[in-house]
Amino acid sequence: MADNEKLECLRKLQDVLQAKFELEQQVETLPRELRREESELQRVEKEYEALQKLVEDTSDEVKSLSIRYEDAFQARTGYEKQMEFLNTQREYEALSKQLEEARANEEALLKQRNNKMKESEKLKKDVVVKEEEVNAQRAKVAEEKAKVDTELSGINERIEALDKECLAVKGTSISNELYEKFSNIVKKKDGVGVVPVHGQVCMGCDRVLPVQFVIDLRLKQEHNEIEYCPYCSRIIWYEELDPETEKNYIFEQLESKGSGSEKSSSAAAEPQGDSDSYDESMGMDGGFEDF
């Protein structure tokens with residue numbers, strides 16, 4: 001490789017940026033378990049609140065049934081007392097029917113009240129169990145949050161150190177604009193922002209580059225300038241290989257071997273901006289300016 005200060009800096013920056021972006025990815029994924037525990041806490045808290053409301057409603061029903069049962073009890077005992085003062089058979093038959101209905105109503109209300117009281121007692125026990133579950137889940141959330149906060153603090157310190165290292169490597173050789181562009185490339189290209197060209201082939205996207213483009217690339221490289229692959233947007237540099245190896249990456253050789261109509265057709269024309277073409281989202285405009 002020709003002596004190119006910018007390329008050397010970019011290759012060093014690539015290693016530091018890879019480490020930085022990996023840590024930033026950890027920052028995004030680390031709280032995942034905490035979010036899951038927090039979601040679980042919200043679920044059990046809602047269940048706890050629903051149980052408490054159900055206990056309140058059931059207690060109100062018990063009170064209502066108790067009042068109605070007391071009224072039914074008073075009605076039944078009143079009818080029984082009236083039986084002592086009856087004078088005619090008709091009065092007896094009428095009061096007996098009322099007394100029978102009152103007893104049936106009293107028994108039904110007593111049964112309903114007792115069943116509702118049992119239900120209320122069971123719900124109160126369920127509330128105690130659910131409260132313990134809520135407290136246990138709150139403890140898990142607090143523990144996980146403390147763990148995440150500790151780890152995030154350490155990761156953020158390492159990211160800060162890597163930012164300083166990036167600036168040190170960048171120095172004055174790399175402009176701020178180029179640094180931002182290159183950072184975007186490394187992030188979007190899975191940590192690989194600088195790749196060699198072997199013969200006429202970009203080793204980042206395996207696309208065949210036009211002959212004149214490769215010639216210009218080698219000239220730029222000798223003058224401490226950089227170039228971007230017109231297909232994958234990575235920064236490229238021409239790597240000298242031994243003749244036997246390099247001939248396998250020369251267009252004429254690839255074409256004669258029929259190694260792929262796609263590479264042949266792509267070399268025959270200028271880049272057209274397809275799905276693997278020059279990426280404007282990297283922050284680069286047309287013309288591949290040098291910085």
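Predicted model: local features only at pLDDT ≥ 70, side-chain atom pairs only at ≥ 80, totals over all residues.
Which helix gives the largest share of the lining of the largest pocket?

1. Start with H1 and H3. Helix H1 spans residues 5-29, and helix H3 covers residues 89-170. Their axes lie 9 Å apart, and the packing angle is about 165 degrees. Angles over 145 degrees count as roughly antiparallel, so H1 and H3 are roughly antiparallel to each other. Their crossing is left-handed.

2. Now look at who touches whom in that pair. On the H1 side the contact includes Cys9, Leu13, Val16, Leu17 and Leu23, along with charged partners such as Lys12 and Glu24. On the H3 side you will find, among others, Leu152, Ile155, Ile159, Leu162 and Val169, and also Arg158 and Asp163. Sorted by class, the residues of this contact are 13 nonpolar, two polar and seven charged.

3. Helix H2 takes in residues 32-82. The axes of H2 and H3 come within 6 Å and cross at roughly 165 degrees. H2 and H3 are therefore roughly antiparallel to each other, and this crossing is left-handed. The contact of H2 with H3 has 24 nonpolar, 10 polar and 25 charged residues.

4. The pairing of H1 with H4 has its own geometry. Helix H4 runs over residues 176-188. The axes of H1 and H4 come within 10 Å, crossing at roughly 55 degrees. H1 and H4 are therefore oblique to each other, and H1 passes H4 in a right-handed crossing.

5. To see that contact, find Leu10, Leu13, Gln14, Leu17, Gln18, Phe21 and Glu24 on H1, and then Tyr179, Phe182, Ser183, Val186 and Lys187 on H4. By class, seven of the residues in this contact are nonpolar, three are polar and two are charged.

6. The largest pocket has a volume of about 170 Å³. Its lining is made by Gln18, Phe21, Glu22, Glu24, Gln25, Glu28, Val186, Lys187, Asp190 and Gly191. H1 and H4 are the elements that give two or more residues to this lining. And the opening question? H1 gives the largest share, six residues.

Technical notes. Residues numbered from 1 in each chain as written. Heavy atoms only, no water. 1 Å grid on protein atoms, 1.4 Å probe; cavity = no way out; pocket = protein on both sides within 12 Å on 5 of 7 lines; lining within 4 Å. Points joined across faces, edges and corners; volume = space filled by probe spheres on them. Helix = DSSP H or I, 4+ residues; strand = E, 2+ residues; numbered from the N terminus. Axes fitted to C-alpha atoms, helices over the stretch in contact; angles between N-to-C directions. Parallel < 35°, antiparallel > 145°, perpendicular 65-115°, else oblique. Left-handed = near helix turned anticlockwise from the far one by under 90°. Contact = heavy atoms within 4.5 Å.
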